[in-house]
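Trainee: I have a model open and would like to learn how to read it. Where do we begin?
Mentor: Take a look at it, and then we will go through it feature by feature.

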Amino acid sequence: MAPMTSAEAERRVRPLRLRGIASWCVCAMLALRVLAPLPSLAHALDPVLFELTEREDGKIDVRWKAPSAKMPGMHLVADLPPQCHRDGDASEDDLGDATVSRWVMVCDGGLVGKTIGIEGLETTDALVRITLRDGSVDRRVLGAGHPTVTVVPAPTRSDVFRDYARLGMEHIASGIDHLLFVFGLLLLTGGTRQLFATITAFTIGHSVTLALSALQIISVPQGPAEVVIAFTIYVLAVELARDAAPDSTLLRRRPWAMAFSFGLLHGLSFAGALKAAGLPDNDVPMALLSFNVGIEIGQVIFVVLVLAAWASLDTVTRSLPRWSQRIPVYAMGTAACFWVLSRAAALI
């Protein structure tokens with residue numbers, strides 16, 4: 001057998017060094033996830049849904065849906081303009097994982113031009129859906145840095161792009177399961193060109209099903225899709241746990257094919273977040289594009305941060321014991337098993 005060249009040796013060692021740094025990153029993410037008193041869905045709290053619908057008689061039907069699970073100290077309050085007041089008592093329904101409140105409101109002069117907000121959005125987002133009397137719909141995404149919105153007759157394309165791109169970024173940033181899968185792709189690939197091709201294939205895959213599902217061309221129940229997504233992380237972790245040469249298995253020879261196939265499944269989860277926000281009737285293509293752009297921006301930032309950590313700590317990781325290189329892989333597999341079982345149990 002011919003001896004390995006220095007380039008081949010470096011290609012084989014590179015993922016192992018990355019695992020040494022990755023171990024601390026993965027453990028930190030998993031620790032935060034375990035310590036957070038949230039349902040085990042590998043996402044942040046579901047966003048608050050705040051709906052206001054103008055009626056022909058001038059009154060406004062209000063629907064407030066908030067998740068039952070809350071971070072400690074979180075208290076969400078609707079911030080309504082002084083020209084608005086309640087008309088009658090509110091009703092409340094407990095749906096188990098969320099609470100829905102309904103009431104009627106009267107606003108002098110209607111909603112256009114009024115500023116509406118939500119206090120207490122430090123740990124979650126809010127989706128505001130405003131339906132005016134003429135049938136036009138204004139959808140906005142509120143968060144800690146932008147807790148208010150001024151109602152306009154029709155949102156501009158720039159408003160749609162900004163809000164849906166922000167929603168995409170926040171969704172990928174809060175989805176540790178998706179980030180762990182991308183992290184696994186970093187460990188699987190051996191070179192910059194292969195990494196670029198693999199990440200691009202994953203992007204194309206989830207973009208396809210995101211668009212098809214959001215446009216209701218295909219429809220897949222969210223619960224089973226989340227179980228399968230967790231299983232894709234487990235499959236990737238099993239492959240990474242094997243002591244195999246870079247080209248010894250199909251997944252290692254063509255990681256882009258696996259990334260594309262699994263990306264199709266991850267796109268179903270992204271579509272679920274987009275469906276919760278709703279698509280603007282006047283600019284569906286822009287909302288789809290900007291939401292996907294937001295996902296990609298968040299994904300690229302994550303990849304850059306991991307690679308920067310690897311580059312800056314490469315010298316330190318050379319001295320780590322060999323067994324430490326398996327920590328992130330086993331952590332990924334353990335988390336994936338937990339998500340598969342918990343999500344499947346929730347379906348049952």
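**Reading the helix packing, the strands and a loop**

Mentor: In H4, the residues Leu195, Ile199, Phe202, Thr203, His206, Ser207, Leu210, Ala211 and Ala214 meet Leu288, Phe291, Asn292, Ile295, Glu296, Gln299 and Leu307 of H8. By class, the contact of H4 with H8 holds 10 nonpolar, 5 polar and 1 charged. Keep in mind that this is a predicted model.

Trainee: How do I describe two packed helices?

Mentor: Give the angle between their axes and the distance between the axes. Here, helix H4 (residues 192–214) and H8 have axes that come within 11 Å and cross at roughly 155°. An angle over 145 degrees counts as roughly antiparallel. H4 and H8 are therefore roughly antiparallel to each other. The crossing of H4 past H8 is right-handed.

Trainee: At what angle do H3 and H8 pack?

Mentor: Helix H3 (residues 176–188) packs on helix H8 (residues 284–312) at about 50°, and their axes are 11 Å apart. That angle makes H3 oblique to H8. H3 and H8 also cross in the right-handed sense. From H3, the contact uses Leu179, Val182, Phe183 and Leu186. From H8 come Gln299, Phe302, Val303, Val306 and Leu307.

Trainee: How many residues in the contact of H3 with H8 are nonpolar, polar or charged?

Mentor: The count is 8 nonpolar, 1 polar and no charged residues.

Trainee: Now the strands. How do strands of a sheet pair?

Mentor: Through backbone hydrogen bonds, either parallel or antiparallel. Start with strand S8 (residues 126–131), which pairs with S9 in the antiparallel sense over 6 bridges. Val128 stands opposite Arg140 in S9.

Trainee: Which strand runs parallel to S8?

Mentor: Strand S1 (residues 48–54) does, joined to S8 by 6 bridges. Phe50 has Val128 as its bridge partner in S8. Val128 also stands opposite Arg140 of S9.

Trainee: How many residues of S9 are buried?

Mentor: In strand S9 (residues 137–142), 6 of its 6 residues are buried. Val137, Arg139 and Val141 point one way, while Asp138, Arg140 and Leu142 point the other, and all are buried. S8 is mostly covered too, with 5 of its 6 residues buried.

Trainee: What share of the protein chain is buried?

Mentor: Buried residues make up 48% of the 348 residues.

Trainee: In what order do the strands of the open sheet stand?

Mentor: The order is S3-S7-S10, 3 strands with antiparallel pairing. Strand S3 (77–79) and strand S10 (148–150) are at the edges, each with a single partner strand, so one side of each has no neighbour in the sheet. From one strand to the next, the twist averages 15°.

Trainee: How many bridges pair S3 with S7?

Mentor: There are 3 bridges, in the antiparallel sense. Ala78 stands opposite Ile118 in S7.

Trainee: Let us turn to a loop. Where is Asp108 found?

Mentor: Asp108 lies in the loop between strand S6 (98–107) and strand S7 (115–119). Next, compare sequence and space. Asp108 and Cys84 are 24 residues apart in sequence, and 6.5 Å apart in space, C-alpha to C-alpha.

Trainee: Which residues is Asp108 in contact with, leaving aside neighbours within four places in sequence?

Mentor: Gln83 and Lys114.

Trainee: Among contacts between residues at least 6 apart in sequence, what percentage joins residues at least 24 apart?

Mentor: The figure for the protein chain is 74%.

Trainee: And how many helices and strands does the protein chain have?

Mentor: The secondary structure comes to 10 helices and 10 strands.

Note on methods:
Residues numbered from 1 in each chain as written. Predicted model: local features only at pLDDT ≥ 70, side-chain atom pairs only at ≥ 80, totals over all residues. Heavy atoms only, no water. Helix = DSSP H or I, 4+ residues; strand = E, 2+ residues; numbered from the N terminus. Contact = heavy atoms within 4.5 Å. Buried < 20%, exposed > 50% of the residue type's maximum accessible area, 1.4 Å probe, protein only. Pairing = 2+ DSSP bridges. Axes fitted to C-alpha atoms, helices over the stretch in contact; angles between N-to-C directions. Parallel < 35°, antiparallel > 145°, perpendicular 65-115°, else oblique. Left-handed = near helix turned anticlockwise from the far one by under 90°. Nonpolar A, V, L, I, M, F, W, Y, C, P; charged D, E, K, R; others polar.
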